[in-house]
Amino acid sequence: SEPSPIGGLCPAGGYCPIGSSFPRACPSGTYNNFTGAVAAVDCQNCDPGMYCAGSNNPFPSGLCSAGYYCSGSATSPTQHLTPPGYY
């Protein structure tokens, strides 16, 4: 019988604690763009000006919407309404 592949490097977008049998998703508002993460602390907060919708993101989902700003860890493109007189 031929050997079967087991394990492998944890994919981007999540992390794999030691002994886990499958990747765990990074929390909402975070992303992880590298392989081999082993803990939730390896997930980065979404960058200011960007949002990270859902979970298991290898990159931020996109820019925040016009008329809104994102201060970091945003889960939607409309985190904060921009006050009148600002852009």
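1. Let's start with Cys64: with 16% relative accessibility, Cys64 counts as buried, because buried means under 20% relative accessible area, while exposed means over 50% and partly exposed lies in between (1.4 Å probe, protein chains only). Please keep in mind that this is a predicted model, where local features need pLDDT of at least 70, side-chain atom pairs count only at pLDDT 80 or more, and totals for chains, interfaces and linings use all residues. Residues are numbered from 1 along each chain as its sequence is written, and side-chain values use heavy atoms, with hydrogens and water left out.

2. Which residue does Cys64 pair with in a disulfide? Its partner is Cys70, with an S to S distance of 1.6 Å; a disulfide here is a pair of cysteine sulfur atoms within 2.5 Å. The angle about the S-S bond is -120°, and this link of Cys64 and Cys70 is left-handed. Cys70 is buried too, with a relative accessible area of 6%.

3. How many disulfides are there by this rule? The count comes to four. Numbering the bonded cysteines along the chain, the pattern reads 1-2, 3-4, 5-6, 7-8.

4. Now look at Cys26 and Cys43, whose sulfur atoms are 2.0 Å from each other in a disulfide. This link is left-handed, with -80° about the S-S bond. The pair links distant parts of the chain, 17 residues apart: Cys26 is in the loop between strand S2 (24-25) and strand S3 (30-31), and Cys43 is in the loop between S3 and strand S4 (44-45). Strands are DSSP runs (E, at least two residues), numbered from the N terminus. Both Cys26 and Cys43 are buried.

5. Is the link of Cys46 and Cys52 left-handed or right-handed? It is right-handed, with 80° about the S-S bond. The S to S distance in this disulfide is 2.2 Å. Cys46 counts as buried at 2% relative accessibility, and Cys52 counts as buried at 0%.

6. Finally, find Asn32 in the loop between S3 and S4. Why does Asn32 count as buried? The reason is its relative accessibility of 0%. Contact means heavy atoms within 4.5 Å. Leaving aside neighbours within four places in sequence, Asn32 is in contact with Ala12, Gly13, Gly14, Cys26, Ala37, Asp42, Cys43, Asn57 and Pro58. Among these contacts are Cys26 and Cys43, the two cysteines joined by the disulfide in point 4.

Technical notes:
Helices (H or I, at least four residues) and strands (E, at least two) are DSSP runs, numbered from the N terminus.
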